[in-house]
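Subject: Structure handover

Dear colleague,

Please find the structure below, with its sequence. After it I have set out what was found, chain by chain and then residue by residue.

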Amino acid sequence: MKLLFDRVFDGAGEMLAMAEKEIAAATAELGEAAPISMPNTAYSLACHNAYLGKQIRNVSELARGFSEAKEWASGERRLGGAFNAGFATFMAAEAIEACKYARSPDPYGGEYHGHMSDAEVRELGVPLVTGDIPGFVVIIGSAPSDEEAVELIRGYQSRAIFVFLIGGIIGQARRQNLNMGFPVRVVAVGPDIWCAAHIISFVNRAAMIFGAVKPGDREAFDHYTFHRIRAFVNAFRPVPDIVVASGGGAIAMGFPVVTDDAADMWPVPKSLIIQQNTADFIETSLEARDIKIKVSKIDIPVAYSTAFEGEIVRRADMRADMDGSRSDCFELVVSKEAHEIEDHSIELIGPDIDEAEPGARTSIGFVCEVAGKAMQSDFEPVFERKFHNFINCVEGVMHTGQRDTIHIRVSKAAFDAGFRARHFGEVLYAKVKSEYESVVDKCAVKIYTVPEQLKELRAKATEIYNRRDERLGSLTDESVDVFYDCILCQSFSPAHVCIVTPERLGLCGAVSWLDAKATNELDANGPCQRVSKQRVVDENIGIWEDVNERVREASHGSLEQVTLYSIMVDPMTSCGCFECICGIEPFSNGVVIVNREHDGMTPLGMTFSEMASMTGGGVQTPGFMGHGKQFISSAKFMKAEGGPARIVWMPKALKETVGAKLNGTAARLYGIDDFVSMIADETVTEDAEALLEFLGGSGHPVLGMEPLL
Amino acid sequence: MALKGLDIFKLTPKTNCKDCGVPTCMAFAMKVAQGSVQIGACPHMSDEALAALGEATAPPMKLVKIGAGEREYALGGETVLFRHEKAFVSKNLFGVALKPDSAERVLPEVMKIDYERIGERMHVELLHVGYGGSGNGDMAGSGNGDMADGGSGDRAAFLDTVRKAAAAGRTLVIECGDAGVAREALELAKDGKPLLNGANPSNYAEMARLAEEYGVALGVGAPDIGGIYDTVQALEGLGCKNLVIDVGAASAKEAFANAVQIRRAAIKDSVRSLGYPSLVNLEKLAPGNPELQLALASVFVLKYGSIIIMGDMSYAQALPLFGLRQNIFTDPQKPMTVEPGVYPINGADESAICATTVNFALTYFIISGELQRSGVPVNLLISDAGGYSVLTAWAAGKLSAASLEKFFSEQGLNDRLKNRTLLIPGKVAVLKGEIEESLPGWNIVVAPNEAVGIVKFMKELSA
Amino acid sequence: MPFAPVPQAFKSSLKEVVIGAGESAVALGGENVLPLYSFDAPIKNRPKVGIEISDLGPDRSLPELAKFYEGASSAAELAARACAAPGADFVCLWLEGADPNGEDRDVADCVKICREVAEASPLPLAVQGCGSPDKDARLFEKIAEALQGRNVLLLSAKEENYKGIAVAAVTAYGQKIAAESSVDINLAKQLNVLISQLGIAGDSTVMHLGASAAGYGFEYIASTTDRVRLAALAQNDAALQMPVIAPVAADAWSVKESVMSEDEFPEWGPVERRGADMEICTASAMIAAGANAVIVRHPRSAAAVAELISALL
């Protein structure tokens with residue numbers, strides 16, 4: 001078997017020999033001084049220009065360039081040498097084409113596209129750079145049949161991939177009457193492999209125009225094309241050496257080659273891929289070049305809009321009713337390996353909606369499988385929680401709850417319009433793919449409706465929910481390397497910055513550390529940024545130099561320093577949308593906490609809104625602090641001042657919400673049982689003196705603690 | 001730097017006696033820190049505590065009052081240079097300069113400007129009457145009384161104009177560097193506690209005595225900022241601290257430079273002798289050029305003019321200027337709100353379609369503007385949503401099915417309105433179902449998310 | 001001790017963005033002091049005044065405006081007239097007619113108008129889209145191509161369409177763009193960062209931080225501009241150091257004070273005077289807040305604002 005390197009060098013040799021002959025012919029025919037140029041470009045012969053840093057203006061310069069190219073192809077038969085040989089192949093190909101254009105300004109006479117003008121480079125370059133065109137493919141050779149040729153081209157077109165054709169496939173497409181041309185994004189470049197020079201010329205000009213890459217800086221060209229030009233090659237068998245040599249150049253530029261030719265072919269992971277099933281060329285190619293196709297519309301028979309988010313489907317109007325509180329229903333996101341998932345597969349396992357009696361209670365379970373290189377299992381619950389919004393926006397469908405407490409209703413109108421169980425899958429697929437584009441490469445949805453099976457699956461899902469909760473519970477500020485900031489509220493509280501840690505969620509109660517992390521990974525420029533915690537100043541009250549720097553930057557200079565665990569020293573600021581506010585009660589040396597929903601008085605002599613008006617707006621108010629409900633039971637809650645044992649008063653309803661967890665924390669930290677019963681509420685008193693009396697009676701630990709002031 | 005509530009709390013008696021009218025000493029301290037209660041409201045504070053607090057809570061810029069009775073206005077008292085840090089304290093005042101030869105014509109036009117905008121009366125608060133080419137900024141310290149056009153005829157005309165202005169029912173700015181003439185003018189206008197402008201490096205002692213005698217604030221100026229500083233210090237030495245600084249009339253450029261540098265020195269660098277409100281006279285900076293005066297006035301509203309005097313003010317100029325001032329002097333923490341109620345648009349009657357949004361003034365303006373442009377008659381129902389924007393109000397629970405239900409019943413809308421279609425903001429589409437429950441009989445329609453979509457939406461809806 | 005003012009020139013300065021080509025080119029930004037604070041340090045470039053024309057023509061019901069544009073009908077003729085208005089530093093063509101909800105003029109026609117206007121304008125040209133993110137993206141790409149070498153300013157690229165506009169206008173055809181966000185320092189910064197990640201340098205972008213007329217939430221734009229400028233200068237935040245442009249015309253001429261007829265409010269006086277005064281007030285306040293360029297509609301406004309700038313600098 002012939003070695004791959006040998007095939008590259010042999011192929012390069014063929015192309016060079018051909019070029020040498022053409023240049024010699026041109027010299028003889030037109031003379032050394034005859035001008036060489038491509039029409040409508042300011043970049044001369046772009047491949048020569050890019051690789052040699054030289055403008056080729058006439059035949060003699062072309063000949064000199066050729067001898068340089070020849071040297072490129074005489075290197076060691078190893079990887080670097082093979083790449084150089086690939087580039088030499090492109091220069092030789094460009095020389096061949098240049099000789100054609102030296103003889104006639106329009107050598108292809110409309111039959112083939114040939115050279116692309118600078119205007120065309122810009123026109124195609126813009127959407128390529130912005131990602132509106134997700135990439136382009138160069139298809140070389142003839143497909144096994146005319147039908148398959150057209151199927152492949154159409155497959156790429158439907159994914160908005162730009163298609164360049166070289167060789168036999170052009171005739172195949174013409175026989176099938178495929179419409180071609182720049183506007184329809186399918187271009188018949190030319191009949192021979194050297195026409196590939198026009199595509200490489202296009203790529204190199206794009207790098208010079210859009211990437212400001214300097215001619216002659218080959219490394220910069222490679223870097224640009226690898227990172228910015230999402231291109232790849234499909235080569236049909238048989239693939240001769242001369243095509244292999246060109247493929248070497250393409251691979252050096254970062255463009256993988258997919259071929260069905262296994263003879264004398266040496267697969268190279270991610271670069272040279274043998275896919276003998278040509279029907280899978282598209283999927284294999286997109287995966288190899290990391291191209292994600294945007295989902296732009298949701299394939300369902302009813303409207304989809306936020307305007308339907310609050311719609312309620314009443315009992316009388318409903319066709320299907322799936323209620324997690326009465327039967328086994330659930331929704332679950334699980335991450336998988338890419339090869340385990342077929343993108344956009346939507347599977348209904350069990351009877352469809354129309355098989356049940358109208359209005360009958362049925363059950364449903366969604367398993368949404370996702371895969372992606374940047375996917376992390378921590379994102380699963382983040383996606384899952386959005387299912388509520390995703391499904392609720394369907395016209396005529398109502399969704400409440402999450403996990404295994406969901407309740408879904410489908411209206412008769414939606415049913416009559418054709419809405420069926422698989423459409424839930426379409427919605428979830430489209431939304432997960434588009435909303436989490438940066439991390440989800442593939443997504444498939446399984447919809448279960450068989451009660452027995454659901455019972456079993458729900459039990460499995462519950463195990464996963466429990467594991468996640470444990471993971472969340474086991475995350476501590478010490479066990480992570482980074483915190484996150486959150487500046488979502490700055491639109492109305494311009495100086496406020498939340499620092500979100502595993503043990504301290506955002507004060508709105510809606511942004512946990514995992515949420516912040518996911519927000520950051522999904523949108524690197526968004527409202528949540530990573531905050532390192534390497535330069536510790538005081539771990540006890542929670543001061544990090546890194547955190548302070550971020551706070552200074554994100555508050556645009558209005559805050560200098562915050563502590564994460566103290567409410568007395570530089571406490572974190574509040575925006576105004578906090579769930580709760582705590583304030584020190586000086587007579588008991590404790591703190592009073594009041595939640596937004598409570599509109600009565602507190603022993604501080606201030607209501608929630610009075611306290612809020614003094615604390616909001618991103619101003620540090622020692623002794624007062626806004627926070628989320630979940631923070632109350634955190635071991636980090638005013639840790640510097642002694643922790644949750646300082647809590648002396650909370651509204652009864654808030655006690656009920658956080659009581660169990662708070663008791664757990666108090667038992668763990670202080671060995672106190674039923675701590676919550678020692679805390680007063682509005683049914684005990686709203687007066688400071690009576691509060692002190694009560695605390696004495698309940699044996700509250702705060703009475704033995706250091707004074708706060 | 002303002003004191004934190006806890007620092008103030010430490011100085012209170014800590015008895016929770018409630019004599020101040022606040023339930024606890026902590027709550028009292030917090031309110032003092034916030035500025036909503038004066039420290040003097042506590043009858044039990046020790047003298048040392050009061051002294052300590054007085055020093056620490058004194059603003060870097062004096063609060064100066066001019067005028068009397070309901071026409072008394074506070075100027076200055078600012079603590080920040082930019083309104084996003086904390087609200088500006090005292091809105092600027094606008095004045096019009098009356099001249100003997102044009103007062104008859106100008107005065108009625110100025111008095112016509114008197115209207116209400118979002119709960120605030122809009123009118124020209126001050127009338128300025130100057131003696132001769134008087135004033136201070138342009139006198140270059142050359143003393144007084146010997147001004148070229150300061151003859152006795154001018155004096156009579158000046159006093160006559162003061163008399164007319166005093167009768168107009170506005171607070172006066174009397175500008176006169178001649179203490180003798182100034183006394184005569186003050187005699188005519190003393191009840192209204194005018195601002196006496198005209199102290200300068202050579203007459204300040206005399207002027208200070210006069211201001212003291214009549215109990216009025218004194219305007220002081222000098223050829224340059226150094227002279228202003230020296231003259232203010234000299235006046236302070238005489239115990240005269242009820243001052244307004246005239247930023248001068250040499251050029252607009254210099255007046256602006258002075259206004260900014262004086263305010264910045266006071267607030268940023270704690271130069272107490274420049275911590276006074278400012279006065280800028282645009283009629284001197286751009287005489288007879290109403291457009292340039294309008295442009296300069298707009299600049300001085302943002303940048304540190306406490307009193308802005310113009311040569312004239314047309315209604316067309318007043319509309320944007322008063323609107324601008326209303327905007328700039330809002331508290332960034334407390335958004336402007338409009339009164340809850342029914343606002344008929346495009347001649348809507350009881351059978352017109354209804355739309356609802358929050359009482360945040362900006363939202364109201366934008367939505368009502370777009371509805372107006374649609375040409376479709378519609379009743380805009382504004383409920384009290386705490387002055388927040390739609391999403392914030394929703395998140396804070398101030399805009400909900402329950403709040404709308406309460407609003408509908410309080411306003412008796414089911415009886416007042418015949419139409420039963422209600423448009424709700426697209427951003428709270430999620431409330432649709434709940435609102436349908438709480439407002440039985442109403443057809444709830446979700447409007448677009450953004451105001452730009454309203455015109456098209458309304459046209460399609462009514463088509 | 002005599003008083004000595006402490007000048008507050010910053011170590012950081014704004015980026016400088018040039019629009020137009022040749023002798024009439026104008027530079028925006030570049031200063032290292034707060035707006036108009038020339039007493040702290042010299043201001044490199046004065047704020048500039050643009051005058052707006054619409055492809056649909058001026059509102060000829062306003063007598064002064066009608067007189068100013070008398071006999072000029074095509075956009076090119078209007079532009080030539082606008083360029084001659086005292087105080088105008090550049091002209092801004094508003095493609096009002098491109099609005100898909102309005103005339104929906106097609107891209108090719110718009111490009112043709114732009115070409116003609118560019119041809120007829122001795123001053124630098126800005127082109128303002130119709131506001132539809134999709135239509136503007138398509139328009140600007142073609143306009144940028146057609147006006148290569150003119151160094152025009154395209155308003156605006158927004159979060160929804162910045163990619164195509166930025167890459168086409170700046171990278172492919174070397175034009176300038178305004179990055180438009182809605183009155184929020186973080187949104188402004190985010191958009192600037194996103195645009196810079198496309199490889200576009202700060203000297204090709206100006207910021208359009210949002211607009212509102214005096215009395216209509218102007219405090220938000222004023223404070224946002226204050227904060228952006230302080231972040232740029234005091235905090236050396238490179239992502240906010242672009243100059244600011246304030247197209248105030250559309251807002252100033254659409255509020256109640258500028259549109260209600262004199263019949264309805266006789267004491268207010270003529271509509272045209274009210275609109276121009278609203279525009280003068282709003283544009284002047286924007287310059288005080290930190291705009292490096294304003295765009296106004298009425299020649300009277302352009303003259304007044306230019307006079308203001310001369311008076312203060």
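To begin with confidence, chain C has a mean pLDDT of 95, and 100% of its residues reach 70 or more, pLDDT being the predictor's confidence in each residue on a scale from 0 to 100. This is a predicted model, in which local features need pLDDT of at least 70 and side-chain atom pairs count only at pLDDT 80 or more, while totals for chains, interfaces and linings use all residues. Residues are numbered from 1 along each chain as its sequence is written, chains are lettered from A and ligands numbered from 1 in the order in which they are written, and side-chain values use heavy atoms, with hydrogens and water left out. The model as a whole scores ipTM 0.97 and pTM 0.82.

Chain B averages a pLDDT of 89, with 94% of its residues scoring at least 70. Please read one stretch of it with care: over residues 134-150 of chain B the pLDDT stays under 50, and for that stretch the model has 40 contacts beyond four places in sequence, where contact means heavy atoms within 4.5 Å.

Chain A

The secondary structure of chain A consists of 20 helices and 23 strands; helices (H or I, at least four residues) and strands (E, at least two) are DSSP runs, numbered from the N terminus. Its C-alpha atoms fill a box of roughly 110 × 65 × 45 Å along the principal axes. The radius of gyration of chain A is 33 Å, whereas a compact globule of 709 residues would have one near 27 Å; the radius is taken over C-alpha atoms, and the globule rule is 2.2 Å times the number of residues to the power 0.38.

Of the 709 residues of chain A, 58% count as buried, a word that here means under 20% relative accessible area, with exposed meaning over 50% and partly exposed in between (1.4 Å probe, protein chains only). Among the contacts in chain A with a separation of 6 or more, 73% are between residues 24 or more positions apart.

Within this chain, His399(A) sits in strand β12, which covers residues 397-400, and it counts as buried because its relative accessibility is 1%. Not counting residues up to four places away in sequence, His399(A) touches several residues, including Glu331(A), Phe387(A), His388(A) and His407(A).

Chain B

Chain B has 18 helices and 17 strands, and its C-alpha trace spans about 80 × 60 × 35 Å along the principal axes. Of its 463 residues, 58% count as buried, and among its contacts between residues at least 6 apart in sequence, 66% join residues at least 24 apart.

A residue to look at here is Glu78(B), which is found in the loop between β2 (73-76) and β3 (93-98) and counts as buried because its relative accessibility is 2%. Glu78(B) and Val89(B) are 11 residues apart in sequence, yet 5.5 Å apart in space from C-alpha to C-alpha. Leaving aside neighbours within four places in sequence, the contacts of Glu78(B) include Val89(B), Phe88(B), Ser90(B) and Arg263(B).

Backbone details

Most residues other than glycine have a negative phi, and most peptide bonds are trans.

The peptide bond from Arg237(A) to Pro238(A) is cis, with omega near 0°, and Pro238(A) lies in the loop between β4 (231-235) and α10 (241-252) of chain A. A cis peptide bond also joins Leu155(C) and Ser156(C), with omega about 0°; Ser156(C) has its place in strand β6 (residues 153-157) of chain C.

Ala212(A), although not a glycine, has a positive phi of about 50°; it is found in the loop between α8 (196-210) and α9 (218-228) of chain A, and it is exposed, with a relative accessible area of 52%. Lys270(A) likewise has a positive phi, near 65°, in a residue other than glycine. Lys270(A) is placed in the loop between β5 (257-259) and β6 (272-274) of chain A, and at 46% relative accessibility it counts as partly exposed.
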